[in-house]
Amino acid sequence: MNIYFHELKAYKNSTLIWTFSLIALVILFMSMFPSISRDVEVFKELMEGFPEAVRKALGLEIESFGTILGFYSYIFLYVTLFGAIQAMNIGTSIISKEVRDKTADFLLTKPVSRSKILTSKLMAALTTLIFTNVVYVVAASVIVSQVKTEAYSMKIFLMITLTLFFVQLIFLALGIIISVIVPKIKSVLTVSLGTVFTFYIIGLLTSTTGDESKRYLSPFQYFDTGYIIKNSSFETSFLLVGVGIVSVSLVTSYIIYTKKDIQAV
Amino acid sequence: MNVIEINNLTKTYGNARGITDLSFHVEEGEIFGFIGPNGAGKSTTIRTILSLIYPTGGSAKIFGKDCIDFAPEIAKEIGYLPSEVFYYDNMKVIDLLKYSASFYKKDCKKRMNELVEIMDLDITKKIDDLSLGNKKKVGIVQGLLHEPKLIILDEPTSGLDPLMQQRFFDLLLEENKKGATILFSSHILSEVQRLCDRVAIIKEGKIVTVEKISNLKENNYKKIKIETRNAVDRDYFNITGVNDLTFKDSTISFLFRGDINTVLKKIAEVDITNLWIEEPDLEEIFMHYYEKED
Amino acid sequence: MNIFLNELKAHRKSLIIWCIGIIFFVVSDMAKYAGLSTSGQSLNELLAGMPKSLQAIMGTGNFDLSTAIGYFGMLTIYLYLMATVHAAMLGANIISKEERDKTAEFLFVKPVSRSKIIFPKLLAALVNIVIFNIITWVSSFYMVKIFSKGESVSSDIASIMAAIFILQILFLVIGSAIAAVSKNPKRAVSISTGILLITYILSIVIDLNENIEYMKYLSPFKYFESKNVMFGGGLDPVFVVLSLVMIGVLTMGTFVFYNKRDLNL
């Protein structure tokens, strides 16, 4: 437990900043919804005359922007992008900060097994992510209920919002495995921004091709908000791949970390 | 009982560095010196028995238990002080000490306060603001606050002023008297000579010899220095058993091993003004070990 | 000269990775255009009728997506982002890394003044962003050329690259100035990237909400928007001057503050 609390304390400030940023982001964008929904009404009429293929090419279907959940889905892309960076930062620093700050010798000569150290750190990371998500979901549901123009399904809203946590878990796990494999990470931010943006761009590139199999390439594509809105469920295959990535990364991280040499500074 | 038992321990890295086929043991209650020049493999050995790195061959036991398989259990009774100490920069000294203590399932508060007192440490400061020497003191306190049965020190004295060094050594001797076994790695011989009962000499990843300090010194070596009235032929003392023969002005000095009579007879034939016969210090013997090996 | 070369070498690997990333992005994104161009004409009409806020959401602006260069215009925002993220991180890093890696004690006791250390560092950073820019230029030019139907594209791309270059230098010195002021070198990179993301989000918000148009001076991403720069628009002199002034001030700031600051050892 001592490692767990130590870690929580270490993440306190950055967690608060991230959580606050996510909330600021959602409030900022959602407050623009009323004016946007009016724009959409106007545009909708114009769009009726165009074929489905054209609308598809634009990515999301325009008319969905007129609905509160549709617009929320759009801004949610940015929320997940930020959330992914947060999670990746934590994941990457979990192990690498001990190496970088040269505190590994201190921690690893204490009477705790390495897997216990990793577990405590992982739990602390999960706690901060859960904190972020809970606070975010409260703030987001308040702002959404304030700006809504019509009734919406709370269940679907929560499901969409829950995918933030899923994406964060995936990037947390990726961060951990990277920090376990790479001997010395000088700048966590470089690594996490690089990884997150790479997947984000891959996601952008694959989103409009309509090729389902390519969606597996980027975690940002695993939870299609359009699908969730339509079916009020997640896509099982992508959910499974997500779970797979997380478990494989974590198991591998445990194995590598318990067998790894901790080099002198 | 052997507190540390190292059997054919080998650690190879991709390139040359590492240790090969290392074997020695440390008995309960002794202060064991581990000595060799930089890069000889001292830290590699210590990091292996602390299970920070894993051996490529052989094994090591601490308290009779395999140091890899039982690492967390063994660590309860180990205090470790590395040569360079690094701690969480944004913590206060007291927070770090408490954090360190929280790993051991016993009350370390009393001992911690004693140690802070002895080492004269300001516990309200942030670690980041401490000087190198003061960080070292934090390291000493955090390494000893749980009253470990085995204390492992990897070149611990760097950064400590002589006064603190003395207090630190006194502290170690006190711990030793209370029953703690100490493994002390160093490249400074005088330290080892001052503290240790036995010493292992390591060179290029291999143990050269394990000796009692007293044995090493008694190894029949005598350090002889004479001052002569007249110049002496340089080859005069070049007899078997003489080493490190040097001439400086009217002073001749050398190390001698063998029948002391032969050399005394030689000296008696020269007109001398002064004579010293001393036990050589470890340094001189040690250099000698290395030269012999080359 | 030794510092300059040393810095070039130190950043070589990361520059190569970035360049590969940018080439990958340009190539794969323009390749996507090939799949899109068939339905281009009707798409274009649709976009023309789209309200500004929706154009902003879609990221399409008012580009003629039926032409390769128009499609390229739509994706330039990602080039802006990648180039500026690279520059901001580089600027912050190149100054702060000596303290982070504890090499400051090595470097700053050498018989050179601090200014003479910063100058070659910034120069090396400049070389890095020039290379980055050239790579972006060449890859964009060839990819657009492949898909264009004979129309001239070189001048449009040249103006975009000029715009990107100004933003790169701007964010480079924003990063270096922050690193020069910041007492905690570990934070310099995070703060610089944070500022970059905030100004980017601000630019989206301005797009969505015309009432706050006047805030465009606060977001460099609004200075040279590709839809204004391309198609003969060129760089707005007001913003060129503004950028140059900011670059000048921040560069001076970097020198002045770094010369006066206590090093964090």
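**Domains, chain contacts and nonpolar cores**

In chain B, the centres of domain 1 and domain 2, taken over C-alpha atoms, are separated by 42 Å. Domain 1 of chain B spans 2-214 and domain 2 spans 222-278, with bounds that come from an automatic or database domain assignment. The model is predicted, and local features need pLDDT of at least 70, side-chain atom pairs count only at pLDDT 80 or more, and totals for chains, interfaces and linings use all residues. Residues are numbered from 1 along each chain as its sequence is written, while chains are lettered from A and ligands numbered from 1 in the order in which they are written.

Two residues are taken to be in contact if their C-beta atoms, placed from the backbone, lie within 7 Å. Two pairs of chains are in contact, and of these chains A and C share the most contacts, whereas chain B and chain C do not touch, their nearest C-alpha atoms being 9 Å apart. Between chain A and chain B, 18 residues of chain A are in contact with 23 residues of chain B.

A nonpolar core is a set of buried Ala, Val, Leu, Ile, Met, Phe, Trp, Tyr and Cys residues joined through C-beta atoms within 7 Å, a residue being buried if 20 or more other C-beta atoms, placed from the backbone, lie within 10 Å of its own. In the largest such core, of 133 residues, Tyr72(A), Phe171(A), Leu172(A), Ile164(C) and Leu167(C) touch the most other members. A second, separate core of 67 residues includes Phe34(B), Ala60(B), Ile62(B) and Ile182(B).

Key. Buried ≥ 20, exposed ≤ 12 C-beta atoms within 10 Å, placed from the backbone.
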